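Here are a few notes to read with the model open beside you. Take the points one at a time.

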Amino acid sequence: MNNLVSSRYSQKIIFTLLSMLAVSFVLSLFVMQLAAALLFILWLFEKKDEKKKAFDLITAFVLVFGLVRLITIFLSEFPQTSYESLYKEALFYTTAVALPFYLKTLEKKKVIELMMVFILGATVISVIGATRFFIGDVERAQSFSSSYTVFSGYLLTAFVSALFYPKSDKKFSQHIFWAFVYSILFLGLLTSLGRANIVIAFLFFLIAIVLRRIPLKQIIILLVIGLLGLGIYSLRPSQAIGERVENITQLSDRDIIWQGAKEILSEHPVFGFGPRTFQQAFPLKEKFADKGIGGWHNDFLQIYFESGIVGLISFLILLYVIIKTSINQITNKKTDAELKSLSASVLASVIALIFSALVAGFITSVVLSIVFIFLISFLSRIDHEIKSVEKEPEPNSTVH
């Protein structure tokens, strides 16, 4: 039975646009926005019955979160500043309806290939960022159209996705291939100097070993690559990396952020100060050593102070629905083995993003918020297939 959503357009066109999006996140902001916009425009002309068929719980809660954000824009204490969210966050919500729809039009093989495109694209970008760092072009590894913070968060999701990506080929050449992918992605993370993301990535690497997602042969190859890397690094150690290691416990003004948060915690608790109002609402800006800080460096603080407890609850419910959906897929006996592994890959990446959100943020980032939507769209696709299989009538075993 064909359980796919039907589109007016060929799978070739759809897969091309999705692939453009998958490789462009930090490579080209223009290409990312173009691909996302084209997918949304195509979605507008799809049949209503097919859109209804594709609509799911994850998409619904993304839109609920968006509705809350919209309400808090109009209730903002600083409306002129908050109005910027109307266009800066619009791509997040348009992508949230188009991506799940179009993933549901693709065959399983293409869905898994798309995740591979995302991982390989990140691997190439990691090489670019690390090269720029080592030749002294930048102080911290980054791409051409993103900051080191976005670059680091993006590579974190790709690295964790790669660890849990469905791998059916047991050939030695594949062990070498994946060992190099892990190493290159981790090198990009290391040279971005994002201490928290490096720790999170290493934690998931250990989890992957414990869960036997990384075979012993691959661990040995990774150890050899790691030793070679250390040997090369020792010939010309980086001063920037050395300084970050020496100051590993430095809080980067986050202690001041928490002090300021405590001072205004009880002000506007229901709907917050309004989106993008950190500069107007934060009381201790003069204490920052880094005068360029423009946000809360924590998604949960940011959403609370921008959209209040209503916004924070809607965000937490969204995360709960995503995690619960993936766990149900992984534990469901009717889930295809490859899709079960793909769901685990997405779940691990989303949890890594949540950990990262405690010291940085992704939900209001122009780039990382779309990476987030890209990832959870795979869960929507997997859930659609499971529900379609469950609706199939049981074969009649009685012979008349």
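1. Helix 1 and helix 7 are oblique to each other, because angles under 35 degrees count as roughly parallel, over 145 as roughly antiparallel, 65 to 115 as roughly perpendicular and the rest as oblique. The axes of helix 1 (residues 11-24) and helix 7 (residues 90-103) cross at roughly 130 degrees and come within 11 Å. Helices here are DSSP runs of H or I with at least four residues, numbered from the N terminus.

2. Who meets whom? In helix 1, I14, L18 and L21 meet L99, Y102 and L103 of helix 7, where contact means heavy atoms within 4.5 Å. The residues of this contact divide into 6 nonpolar, no polar and no charged.

3. A word on where this comes from: it's a predicted model, local features need pLDDT of at least 70, side-chain atom pairs count only at pLDDT 80 or more, and totals for chains, interfaces and linings use all residues. Residues are numbered from 1 along each chain as its sequence is written, and side-chain values use heavy atoms, leaving out hydrogens and water.

4. Of its 117 residues, L21, F25, F118, Y154, F372 and F374 touch the most other members. Helix 18 (residues 368-391) gives the most to this core, with 12 residues.

5. Neighbours within four places in sequence aside, S369 is in contact with F92, F362 and I363.

Technical notes: A nonpolar core is a set of buried Ala, Val, Leu, Ile, Met, Phe, Trp, Tyr and Cys residues joined through side-chain atoms within 4.5 Å. Buried means under 20% relative accessible area, exposed over 50%, partly exposed in between (1.4 Å probe, protein chains only). Helices (H or I, at least four residues) and strands (E, at least two) are DSSP runs, numbered from the N terminus. Axes are lines fitted to C-alpha atoms, for helices over the stretch in contact, and angles run from 0 to 180 degrees between N-to-C directions. Ala, Val, Leu, Ile, Met, Phe, Trp, Tyr, Cys and Pro count as nonpolar, Asp, Glu, Lys and Arg as charged, and the others, Gly among them, as polar.
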